[in-house]
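Keep the sequence and the 3D view at hand.

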Amino acid sequence: AQIGFRASNSKVVIHSSIFQDNEWGIVLEESSAEIQDSLVRTSQKTGVSARKASLSVNGSTISENTRGGILLEESYAKIQGNNVTNNGEWEIKVREGKSEVDAKNNWWGKDAPQPAIIGPVEIQPTLDEPIDIYQRMSWDF
């Protein structure tokens, strides 16, 4: 799909979901979103993009997105307890405008002592090993 999931002026909770092989994984505009125990990978552009949003990401994996992992513009984000690795140009990028980003306690990859972070993002302390995303995901049928 061009966009795996898009929300505008909404309040959303994404739980135990997979967004894979989209042009854009998740796009949030002027929204409040909670992403838990989910996988966002192999997007052609960005895994998660948020503009004028409030974002919480926990227990998820954002990886292998061609352009970058998480793109924030004028947003508040709490990104903790995730695997954010192997994304194209950056793991997290903060664009113009005021944003507040708390990205402590994430796994940035074994060979990434200094992950590709663009903009004011607090990342210390980091996780010593990756989280097991598949153990965290739960599907009730």
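Q: What makes β2 and β5 count as paired strands?
A: This is a predicted model, and in it five bridges join the parallel strands β2 and β5. Pairing needs at least two bridges, so the two strands qualify. Within this pair, H15 stands opposite Q36 of β5.

Q: Which residues of β2 lie on its covered face, and which on its uncovered one?
A: V12 and I14 are on the covered face, while K11, V13 and H15 are on the uncovered one.

Q: Which residues touch the most other members of the largest nonpolar core?
A: They are L28, L55, L72 and I79, in a core of 27 residues. Elements giving two or more residues to this core include β2, β4 and β5. Leaving out residues up to four places away in sequence, L28 touches A7, V12, A33, S49, A50, R51, A53 and L55.

Q: Why is E74 called partly exposed?
A: Its relative accessibility is 35%, which lies between the cut-offs of 20% and 50%, so E74 is partly exposed. E74 sits in the loop between β10 and β11, and has a positive phi of about 50 degrees although it is not a glycine.

Q: What kind of peptide bond joins Q124 and P125?
A: It is a cis bond, with omega about 0 degrees.

Methods
Residues numbered from 1 in each chain as written. Predicted model: local features only at pLDDT ≥ 70, side-chain atom pairs only at ≥ 80, totals over all residues. Heavy atoms only, no water. Core = buried A, V, L, I, M, F, W, Y, C linked by side-chain atoms within 4.5 Å. Buried < 20%, exposed > 50% of the residue type's maximum accessible area, 1.4 Å probe, protein only. Helix = DSSP H or I, 4+ residues; strand = E, 2+ residues; numbered from the N terminus. Contact = heavy atoms within 4.5 Å.
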